[in-house]
Amino acid sequence: MLEIKNLHAEVEGKKILKGLNLSIQPGEVHAIMGPNGSGKSTLAQVLAGRNEYDVTEGEVIYNGLDLLEMEPESRARSGVFLAFQYPVEIPGVNSTYFLKAAFNEVRKHRGEPELDALDFLSLVKEKMKVLELPQSLLNRPVNEGFSGGEKKRNEIFQMAVLEPKLAILDETDSGLDIDALRLVAEGVNKLKRPDNSQLIITHYQRLLDYIVPDFVHVLYDGKIIKTGGKLLALDLEERGYDWLLEDYRAQCLNGHPSLAGAK
Amino acid sequence: MSCRTSTADPVPRADAAFLAAYEQLEQRDAMAPSWLVALRRAGNAHFGELGFPTTEDEEWRFTNVAPIAALPTHSAVKRDVGFDELERFTFGQMPVHRLVFVDGCFSSKLSSPDLGNEALEIYSLKIAMLSGVDWVRKHLGKYARTDENAFVALNTSMLEDGAAIRIKSKQRITLPIHLLFVSTSDQAGATSHPRVLILAERGCDAHILESYESLTEGSTLTNAVTEIAMEEESRLEHCRLQQESTKSYHVGTVQAHQSRSSNLVTHSISMGAKIARVNINPVLNAEGCECVMNGLYVVDGDQLVDHHTAIHHAKPRCNSHEFYHGILDGKAQGVFNGKIFVRPEAQKTDAKQTNRNLLLSDEASIQTKPQLEIFADDVKCTHGATVGQLQEEAVFYLRARGIGKEAARRMLVHAFASDIINRISIEPVRAELDQIMFDLFEREPGE
């Protein structure tokens with residue numbers, strides 16, 4: 001599904017990703033954790049195609065395609081979805097209109113016929129129930145005046161409609177109360193299929209109580225410094241990051257910079 | 001005025017044709033009642049003194065009206081217009097109380113039959129003036145001052161036709177009243193000076209649409225003045241749409257006078273004309289008034305569009321909120337000047353002004369200037385103006401959902417326009433205007 005090899009990226013001359021490797025197979029759920037400033041959101045933005053980030057080295061292969069060569073819209077159409085950490089408010093663009101346009105772009109790309117307004121609306125209403133979003137949201141401008149929780153749920157709702165192959169959730173849990181968190185997690189879990197994958201970026205473990213990952217990676221200083229199973233997340237919750245970071249620094253001093261992050 | 005020729009200027013004034021047109025009207029219209037003759041005469045005297053403004057005049061710094069002054073002004077040759085020609089105009093098929101004006105003259109044939117009822121009086125201004133309708137005589141010319149603005153003076157000197165609307169006390173009029181002004185001439189200088197008087201009586205509620213359209217491409221001039229008198233607790237929504245031919249010239253003034261606890265919402269949408277200047281001046285003349293002013297200008301090519309708004313907070317506890325958006329492409333020029341006057345006694349004033357502009361080409365330009373003159377100390381006044389391109393974050397958000405770069409940009413430009421259109425409360429009006437914006441910005445070529 002996704003193969004990230006030795007990815008280096010910088011923004012405004014500041015190196016942020018420094019040789020990141022990651023391999024995701026169909027059906028897998030991966031979580032990336034790490035302290036603030038480790039490069040988590042940069043990874044999400046680079047994968048979605050934000051051009052403020054310069055990739056200086058490495059490659060990303062997505063289902064046999066050179067992802068870094070693709071425009072953001074081509075990535076989205078071929079099934080890459082980023083749930084934004086900070087969804088953008090777009091005054092004047094009606095939510096239904098926007099989502100229908102996006103949905104039909106994906107359908108067109110897959111060679112499927114576009115849905116008309118009525119069929120689309122019934123599909124959308126079905127998906128809304130799962131996330132317990134009010135239908136009035138459909139008539140409002142995209143994200144405008146939404147509460148923090150509504151914005152995050154709206155991202156997952158869009159994901160439900162667009163049915164991506166690779167969903168990247170960038171700190172989707174931040175700013176959510178426990179009920180909203182549960183709804184979002186249920187929504188994400190319902191979308192899990194053997195042929196799609198999820199990459200969950202989070203600072204805290206609590207989302208992973210609801211979305212159980214197959215792999216947990218710790219990102220630090222632009223590299224993955226540890227990979228483990230779901231228990232690693234619990235470990236981190238209990239012990240914090242410091243013990244890992246100390247191990248990592250010690251390895252660096254000894255000239256063995258980590259297992260996963262090495263070239 | 002009669003001794004004008006004996007002053008013997010060696011070079012005739014640039015606006016000589018306009019002064020001559022007044023004299024012709026005075027001779028032609030022998031039936032005019034004396035109060036009207038006096039009103040016109042005062043207008044003409046002021047116009048004679050003021051003359052057309054130049055760019056030396058602060059109010060006209062960026063809008064050079066020399067091409068208007070040089071027009072061979074004349075009344076358009078009468079032309080028979082059919083219903084089928086009106087249908088294509090915006091709001092042309094909407095259920096409304098409709099008054100149609102062909103080159104400034106009321107057409108009963110094209111207007112709704114049975115205008116007016118127990119809740120509403122609607123006249124062609126000509127008939128109202130000739131038959132001496134009391135309230136018309138009382139209010140006409142009382143608000144739009146002829147000693148400050150040459151175009152208002154000119155319109156007043158040429159007062160002949162237009163609309164007079166009285167919404168009676170406590171009446172709620174659900175069907176919009178639509179005034180459609182059509183210019184038909186392709187002759188340079190064909191001129192109309194339509195005048196509208198709206199009297200909103202105590203506690204009434206109504207919606208009024210004014211639209212200005214052209215049937216052909218001509219260097220015509222429309223110089224319109226609307227006076228709005230609002231009594232206590234009245235509510236009025238006024239939507240002004242200007243989409244005359246891009247060869248034409250358009251000047252319009254809306255002068256509103258608000259009484260206690262009245263609520264006025266104005267929308268000015270300006271898309272047409274080679275040079276368009278719109279002045280909107282509400283006077284909040286009693287406590288508890290509210291005034292919302294929305295505006296959208298969309299221009300391209302070598303068009304120039306200029307909005308000058310002036311809100312006068314004369315009394316305490318009034319609110320005014322102003323939102324203007326501009327979209328400029330090609331070599332188009334825009335001007336926005338928003339004045340807010342807060343007089344010493346107008347404490348607890350809440351005034352907010354926002355002007356945002358999108359420049360879609362390198363050669364398009366905008367001059368935007370807030371002008372706040374505040375003489376009270378306990379007030380809340382804010383203003384903000386932006387000029388720029390589309391928000392890149394929003395473009396990326398749309399692209400990250402699969403919408404192509406160009407489509408995303410088009411969608412956002414349309415949205416920028418919709419943000420103003422959506423403030424109109426009348427659903428069919430909103431829908432029709434939004435369709436215009438969609439066709440303009442989002443429809444793909446050849447679709």
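A residue here counts as buried under 20% relative accessible area, exposed over 50%, and partly exposed in between (1.4 Å probe, protein chains only). Keep that handy as we walk through this predicted model, where local features need pLDDT of at least 70, side-chain atom pairs count only at pLDDT 80 or more, and totals for chains, interfaces and linings use all residues. Residues are numbered from 1 along each chain as its sequence is written, chains are lettered from A and ligands numbered from 1 in the order in which they are written, and side-chain values use heavy atoms, with hydrogens and water left out.

**Two residues with positive phi**

Let's start with Lys170(B), which is exposed, with a relative accessible area of 63%. Its place is the loop between β4 (162-167) and β5 (177-183) of chain B. The phi of Lys170(B) is near 65°, a positive value in a residue other than glycine. Most residues other than glycine have a negative phi.

Glu233(B) also has a positive phi without being glycine, this time near 60°. You'll find Glu233(B) in the loop between β9 (221-230) and β10 (235-243) of chain B. Its relative accessibility is 39%, so Glu233(B) counts as partly exposed.

**The two chains**

Helices (H or I, at least four residues) and strands (E, at least two) are DSSP runs, numbered from the N terminus. Chain B has 10 of these helices and 20 strands, while chain A comes to 8 helices and 12 strands.

Next, the radius of gyration, which is taken over C-alpha atoms and checked against a globule rule of 2.2 Å times the number of residues to the power 0.38. For the 447 residues of chain B, a compact globule would come out near 22 Å, and the chain has 22 Å, so the two agree. For the 263 residues of chain A, the rule gives a value near 18 Å; the chain has 19 Å, which agrees.

Here are some more values for each chain. Accessible areas come from the Shrake-Rupley method with a 1.4 Å probe, and for residues only the protein chains shown count as cover.

| Chain | C-alpha span along principal axes | Buried residues | Accessible surface |
|---|---|---|---|
| Chain B | about 70 × 45 × 45 Å | 58% of 447 residues | about 17800 Å² |
| Chain A | about 65 × 40 × 35 Å | 54% of 263 residues | about 11600 Å² |

Now for contacts, meaning heavy atoms within 4.5 Å. Take those between residues at least 6 apart in sequence: in chain B, 84% join residues at least 24 apart, and in chain A, 68% do.

**Where the chains meet**

The contact takes 20 residues from chain B and 29 residues from chain A. Buried area is the accessible area (1.4 Å probe) that two parts lose on being put together, summed over both. Chain B and chain A bury about 2100 Å² between them, 65% of it on carbon and sulfur atoms. Which residues of chain B lose the most area to chain A? They are Phe396(B), Tyr397(B) and Arg401(B), together 39% of what that side buries.

Phe396(B) and Tyr397(B) are also among the buried residues of helix α8(B), along with Ala394(B), Val395(B), Leu398(B) and Arg399(B). Because 6 of the 8 residues of α8 (residues 392-399) of chain B are buried, this helix is largely enclosed by the rest of the structure.
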